[in-house]
Amino acid sequence: MGRTVLAIGGHIGDMDLTAGPTLAKMVQEGDRAIILACTYGERGHPTISPEEYRVQKVAEGEAFAAAIGAEFRVLDYSDGFLPDDDSAAEQIADIIRQEKPEILITHWTKSIHRDHERAAILAERGRFLASLPVGSPYGRHGITQFLHADNWEDAEGFAPDMYVEIPDAAYETWRAAIQGQAFARGETYGFRYIDYYSANMLAKGCLAGTTRACGFVVADKGAKLAGP
Ligand SMILES: [Zn+2]
């Protein structure tokens, strides 16, 4: 039976870009992937209103997940205003209790975006809460492996210590799927996300001795397992 991986991002699209190739690979190898965005990311467009862009972001997140064979979830928080409180962490803990992922992927702990840093804090806190015996009908659940994904916006002090090989099929699936997101295509503030992440996979592949790879920081060195 395959494993379950839960990827928790600050905004819709974050984990699609950074963890997406790894999620696509895992799904193609028989695992189950869930992408959870903590906010809609609806304030990330220079001309479309947040109300309108929120609808577009949800549609883009759903379409990306469907294209790589993952499931899509979003918490009802507003872009730029993600709290780092126990109410938000408990929502993540409840998803962990219900879905029982072996692997959790989230942002690095330092970022130019507060929502990213807070998503990482909430993922860690949610993981802890889910592991406690609190009388949930879903029981308690311990995550086996906690990983931080490689994101140019979360670069401060990020030094990958694990590389996941990305086969051509997973890369092609990811590349086709990510084209469906306006920000990734560079239509919002012009950053060439798809080029950057594609090139980064080649660069990390050089370091990992393979064609393409994604780098991660393993949060619990003591619990380090074989990668995804
Ligand atoms: Zn983001």
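This is a predicted model: local features need pLDDT of at least 70, side-chain atom pairs count only at pLDDT 80 or more; totals for chains, interfaces and linings use all residues.
**View 1. Helix α2 passes helix α6 in a right-handed crossing.** Residues are numbered from 1 along each chain as its sequence is written. Helices are DSSP runs of H or I with at least four residues, strands are runs of E with at least two, and both are numbered from the N terminus. The axes of α2 (residues 20-28) and α6 (residues 168-178) come within 8 Å and cross at roughly 125 degrees. Axes here are lines fitted to C-alpha atoms, for helices over the stretch in contact, and angles run from 0 to 180 degrees between N-to-C directions. At that angle, α2 and α6 are therefore oblique to each other (under 35 degrees counts as roughly parallel, over 145 as roughly antiparallel, 65 to 115 as roughly perpendicular, and the rest as oblique). On the α2 side, look for Gly 20, Pro 21, Ala 24, Lys 25 and Gln 28; α6 brings Ala 169, Ala 170, Tyr 171, Thr 173, Trp 174 and Ile 178. Contact means that C-beta atoms, placed from the backbone, lie within 7 Å. Sorted by class, the residues of this contact are seven nonpolar, three polar and one charged. (Ala, Val, Leu, Ile, Met, Phe, Trp, Tyr, Cys and Pro count as nonpolar, Asp, Glu, Lys and Arg as charged, and the others, Gly among them, as polar.)

**View 2. Helix α3 also packs on α6, at an angle of about 160 degrees.** The axes of α3 (residues 50-68) and α6 are 9 Å apart. This pair is therefore roughly antiparallel, and its crossing is right-handed. Phe 64, Ala 67 and Ile 68 of α3 meet Thr 173, Trp 174, Ala 176, Ala 177 and Ile 178 of α6. Seven of the contact residues are nonpolar and one is polar, with no charged residues.

**View 3. Helices α4 and α5 pack at about 55 degrees.** Their axes are 7 Å apart, and the angle makes α4 oblique to α5. Here too the crossing is right-handed. From α4 come Ala 88, Ala 89, Glu 90, Ile 92, Ala 93, Ile 96 and Arg 97, which meet Leu 122, Ala 123, Arg 125, Gly 126, Arg 127, Leu 129 and Ala 130 in α5. The tally for this contact is nine nonpolar, one polar and four charged. Turn to the sheet and you'll find α4 (residues 86-99) lying across β1 (4-11), β2 and β3, running at about 160 degrees to β1.

**View 4. Seven strands form an open sheet with mixed pairing.** Read across, the order is β3-β2-β1-β4-β5-β7-β6. Strands count as paired if DSSP finds at least two bridges between them. The edges belong to β3 (71-77) and β6 (162-165), each with a single partner strand, so one side of each has no neighbour in the sheet. From one strand to the next, the twist averages 30 degrees.

**View 5. Strands β2 and β3 pair in the parallel sense.** Five bridges link β3 to β2 (residues 32-39).

**View 6. Strand β7 runs antiparallel to β5 and to β6.** Three bridges join β7 (residues 213-218) to β5 (residues 145-149), and Ala 149 stands opposite Phe 216 in β7.

**View 7. Zoomed out, the chain has seven helices and seven strands.** Starting at the N terminus, the elements run β-α-α-β-α-β-α-β-α-β-β-α-α-β. The radius of gyration is 16 Å, close to the 17 Å that the globule rule gives for 228 residues, so the chain is as compact as a globular protein of that length. (The radius is taken over C-alpha atoms, and the rule is 2.2 Å times the number of residues to the power 0.38.) Along its principal axes, the C-alpha trace spans about 45 × 45 × 35 Å.

Terms used:
A crossing is left-handed if the near helix is turned anticlockwise from the far one by less than a right angle, and right-handed if clockwise. Two residues are in contact if their C-beta atoms, placed from the backbone, lie within 7 Å.
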